[in-house]
Amino acid sequence: MSTEERIARIFRETLSVEVPSPTTDIIEAGLLDSLALVTLLFELESEFGVAITLEHLDVEQLRTIERIAALVDSRVGEGERGLRP
Amino acid sequence: MSPIRALERADLPAVAALHELCVRSGRPIPPRGLDAYFARTLLDCPWADPEIPSLVYTDEDGSVVGFQGSSVRRARFEGQPIRIACAGPLVAHPRVRSRGVGAFLINAYMRGPQDLTIIDGGTEQMREIWLLLGGEMAHLECVGWARILRPWRFAYAHLRGRPDAPAPVRLALGALDGATTRWVGRMAPPPERDLSAEPLTPTTLLEHARAFGEHAALHIDYDEPYLRWLFDEVAAVHPRGTPVARLVRAPRDGRALGWYVYYLLPGGTSYVLALVAADRDVDPVLDHLLHHAWSGGATAVRGRIEPRLLEPLARRRCLMHYAGMALVHSHRREILDAIAAGRSQLTRLDGEWWMGPHVLAFPEGS
């Protein structure tokens, strides 16, 4: 399952939000209130093992599932590079 | 650049407008005086701390679209000075709510340099956000107590959602209350005890605060400028009632037994902000408060549970009920443990619960 599909599943199963496509503007659609945002970050950490904190986050990075997937993949990549000797 | 920055005085009109729109009337124009209220309580409080400021969230064009109020309290934990951040009003403009503005604001506030962050009376949604951000519930502080003094008038006001009643109804309810409190033992009026009391002033509170707070690992470290501000601001929240502050003394030797502060609302529910006494003296101080409220015409007295009050309240057949979320956050585990263990003395007077931007009446227009 791709990163985008796993994120779409988080939206569907945890946030009870059906996002039509990876490019749907989640913010414009009003799908990301404060509780949904914090829950999403918590679930991303659980699902992918990456900590995404609000301090270093631009909400634009969460505008679509496509962008969230890019953010997650970059954090996963950073984590893997950090593990190299 | 972060959209979050410290509140500045020039932001106050925008903050007042946002609060009016989101919390008060739903209209975009705030009443005259609301911005001044925020100035007094958030910027001009003697303990306002530039390191733990109120925060605003600005849009791309610089306009204020979110606001997190901050009230800082100076305290001592195990004798050492600490700072407590009381998270005040949190508001976000409806058009940016889908951007998680509230979460960004509360997260930024929680990550400040304070030793402890508290919310007294958070919502269910705030609890969820708070817990996901690493905060905890202060379970005991979520429990309230109530002593019903005039059951029929209390029930009438509770059912109608307002305390006032037409004169004939008021008379009938008064007669029913008189009979009930006379003949039903558990509803009897609070007894008048042989005690003396004097007005509690900032000076007398300061004089006795240390003695009454010493037993607690965590307590507020009052000073006179702060107490003067506090007494003035508590008195300013008229809709809650008339503030009553008393120092209770033993009749024979004049020993100070404790003190209390509450809002007396004749014909309505009176809310206790603080009742402080040594363990052995809680009973007389509580009785004095209840009798005072009864004499003043209150239909009920309500407060928040504190460990030392539990047993005295239970013996007086007070009702226990859910009173809203009390939330805490700290990077110092020992502080959270002290609160959970009931070793703190933080009353409602010490938080932001009593503050009144959402209940105050102001003249119309701006």
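Predicted model: local features only at pLDDT ≥ 70, side-chain atom pairs only at ≥ 80, totals over all residues.

User: Which residues are buried in helix H4 of chain B?

Analyst: Helices (H or I, at least four residues) and strands (E, at least two) are DSSP runs, numbered from the N terminus. A residue is buried if 20 or more other C-beta atoms, placed from the backbone, lie within 10 Å of its own. In H4(B), residues 124–132, the buried ones are Met126(B), Ile129(B) and Trp130(B).

User: Why do the buried residues of H4(B) line one face of the helix?

Analyst: An α-helix has 3.6 residues a turn, so residues three or four places apart point the same way. The arc is taken from the directions from the helix axis to the C-beta atoms. Seen down the axis of H4(B), the buried residues line one face because they fall within an arc of 100°.

User: Which element gives the most to the side of domain 1 of chain B that touches domain 2 of chain B?

Analyst: Domain bounds come from an automatic or database domain assignment, and chain B is divided into domain 1 (4–142) and domain 2 (144–322). Counting residues as in contact if their C-beta atoms, placed from the backbone, lie within 7 Å, the contact takes 15 residues from domain 1 of chain B and 13 from domain 2 of chain B. Helix H2 (34–43) and strand S3 (64–77) of chain B each give two or more residues to the domain 1 side. With five residues, the one that gives the most is S3(B).

User: Which are the edge strands of the open sheet of seven strands in chain B?

Analyst: Two strands pair if DSSP finds at least two bridges between them. The sheet runs in the order S8-S10-S11-S12-S13-S7-S14 (chain B), with mixed pairing. Two strands pair on one side only: S8 (196–199) and S14 (319–322) of chain B.

User: What is the bridge partner of Ala146(B) in S14(B)?

Analyst: Strand S7 (residues 143–148) of chain B pairs with S14(B) in the antiparallel sense over four bridges. In S14(B), the partner of Ala146(B) is Leu319(B).

User: How many residues of chain A are in contact with chain B?

Analyst: Chain B brings 14 residues to this contact. On the side of chain A, the count is 14 residues.

How values were computed. Residues numbered from 1 in each chain as written. Chains lettered and ligands numbered in written order. Buried ≥ 20, exposed ≤ 12 C-beta atoms within 10 Å, placed from the backbone. Contact = placed C-beta atoms within 7 Å.
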